[in-house]
Amino acid sequence: MISMTGYAYEEVTLENAVVSVEIKSVNSRFLDLTINLPSYLNPLESEFRNLISQKVARGKVDVYIRIKETHNEGSVTVDTQLARTYMDAYKQIATAVGLASVDPSAALYALINQDGVLNSNREYDVDKYRSMLMPVFDAAFKRFLSDKEREGQNMQKDLLEKLSKLEECAAFFKEWQPKMEDMFKEQITSRFNELLGENADQNRIMTETAAMLVKYTINEEIVRLCSHISAMKSEINDNPIPGKRLDFICQEMNREINTIGSKNQFAEVSAMVINAKDALENIREQSKNVE
C-alpha cells in the first residue's frame with residue numbers, strides 16, 4: 001500500500017552549478033502533476049512527466065527543479081539606440097509635467113527594464129542539463145517513493161486495525177440475528193395470546209411471524225457485509241494501489257449497515273450499528289489518503 005502524500009528534497013553542488021529537485025504530493029482523486037522548471041529546460045518536461053506517471057497513480061504532485069549556475073557563459077548586448085529613444089521620451093514627459101530634469105538613477109533603472117534594451121545571448125545545451133539533472137532527480141524521486149511507501153505501511157496497519165473492529169460488529173450482528181428472530185416470534189405470540197387467549201390461531205401466529213421475519217431479518221445484509229469486509233481485506237493486503245476500490249467498498253458497506261440499522265428493533269443492535277458506522281467512517285477517511 002502506498003500513501004498519496006510524500007516529500008523529498010535533493011541538492012547537489014557541481015563544478016559550475018547547484019542543482020536541486022523538490023517533490024511533494026497531497027491527496028487528489030486523480031493524478032494532478034505540475035512540474036516547475038526554468039523555461040530553457042521545457043524540452044525536458046515530458047521526460048520528467050513520463051518518469052513520474054509510471055510510478056505514481058494518484059495525487060497532486062508538485063515538482064520543483066532548479067539550477068543555479070556559478071559560471072555563466074552567456075553574453076549581454078545593449079541596444080543603445082533604443083535606450084536613447086526611451087531616454088528622449090522620459091525627458092519629453094518630464095518637460096510636459098513641469099519637472100526641471102530627469103532623475104538619472106531612476107531613468108537608468110527604468111531603461112534597463114524596458115524590453116529590448118538588454119538582450120541575453122546564450123545557447124542552452126539540453127543534453128548537458130539532462131546529464132546534470134537526472135542523477136539528482138533520480139535520487140529525489142527514489143526518496144519520494146520511499147516516503148510514500150513508508151507512510152503507506154503505517155496506513156495499511158491502521159486500516160487493518162479499523163477493519164478488525166468492523167469485523168467484530170459483523171460477528172455481533174451474525175450472533176444476534178437468530179436471537180432477533182426468536183424475540184420476534186415471542187413478541188408476536190405474546191400479543192396474540194394476550195388478545196385472544198386460548199383462542200389464538202397458531203397458523204395465524206406463524207403467518208404473522210413469517211411476515212415479520214421477511215420484513216426485519218438482516219441475514220442477507222450480514223452476508224453481504226461480511227463479503228465486503230473480506231474484499232476490503234484482500235484489497236488492503238494484495239492491491240498496491242487500492243484507493244479507488246476502497247472508496248467503492250466503503251459505499252457498499254455503508255449501505256448494508258444502514259439497512260441493518262433501519263430493520264433493527266433492539267437497543268443492543270442499535271449500539272453496535274453506531275460502532276460499525278464509526279469504524280467505517282474511520283476507514284473511509286483513512287482510505288482517502290491511499291493511492
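## A nonpolar surface patch

Val76, Val78, Leu108, Tyr109, Ile112 and Leu118 make a nonpolar surface patch of about 610 Å². A patch consists of residues with over 30% relative accessible area and no salt bridge, nonpolar side chains (Val, Leu, Ile, Met, Phe, Trp, Tyr) being joined within 5 Å and like charges within 9 Å; accessible areas come from the Shrake-Rupley method with a 1.4 Å probe, with only the protein chains shown counting as cover for residues. The model is predicted, so that local features need pLDDT of at least 70 and side-chain atom pairs count only at pLDDT 80 or more, whereas totals for chains, interfaces and linings use all residues. Residues are numbered from 1 along each chain as its sequence is written, and side-chain values use heavy atoms, with hydrogens and water left out.

At least two residues of the patch come from each of strand 5 (75-78) and helix 3 (104-112). Helix 3 gives the most, with 3 residues. Helices (H or I, at least four residues) and strands (E, at least two) are DSSP runs numbered from the N terminus. Isoleucine 112 lies in helix 3 and is partly exposed, with a relative accessible area of 41%; buried means under 20%, exposed over 50%, and partly exposed in between (1.4 Å probe, protein chains only).

## Strand pairing

Strand 1 (residues 6-13) pairs with strand 2 (residues 17-26) in the antiparallel sense over 8 bridges, a pairing being assigned if DSSP finds at least two bridges between two strands. The two form a hairpin with 3 residues between them. Glutamate 10 has valine 21 of strand 2 as its bridge partner.

Strand 2 also runs antiparallel to strand 4 (residues 59-69), to which 10 bridges join it. Here alanine 17 stands opposite glutamate 69 of strand 4.

The structure holds 18 salt bridges, each a side-chain nitrogen of Lys or Arg within 4 Å of a carboxyl oxygen of Asp or Glu. Arginine 130 forms one with aspartate 127, their closest N and O atoms being 2.6 Å apart. These two residues are separated by about one helical turn because they are 3 residues apart in helix 4. Arginine 130 is partly exposed at 26% relative accessibility, whereas aspartate 127 is exposed at 52%.

Arginine 150 takes part in a salt bridge with aspartate 147, with closest N and O atoms 2.6 Å apart, and in another with glutamate 151 (3.8 Å, N to O). Aspartate 147 and arginine 150 are 3 residues apart in helix 4 and therefore separated by about one helical turn. Arginine 150 is partly exposed, with a relative accessible area of 44%, and glutamate 151 is likewise partly exposed at 27%.

## Helix 7 and its surroundings

Helix 7 has 21 residues and reaches 31 Å from its first C-alpha to its last, close to the 30 Å expected at 1.5 Å a residue; the expected span is 1.5 Å times one less than the number of residues. Its buried residues include Ile249, Glu252, Met253 and Glu256. Histidine 228, in helix 6 (residues 219-238), is in contact with Ile249, Glu252, Met253 and Glu256, its neighbours within four places in sequence being left aside. Contact means heavy atoms within 4.5 Å. Histidine 228 is buried, with a relative accessible area of 16%. Glu256 also belongs to a network of salt bridges with Glu220, Glu221, Arg224 and Lys263.

Phenylalanine 266 occupies the loop between helix 7 (243-263) and helix 8 (267-287). This residue is buried, with a relative accessible area of 6%. Beyond its neighbours within four places in sequence, phenylalanine 266 is in contact with Trp176, Met180, Met183, Phe184 and Gln187.
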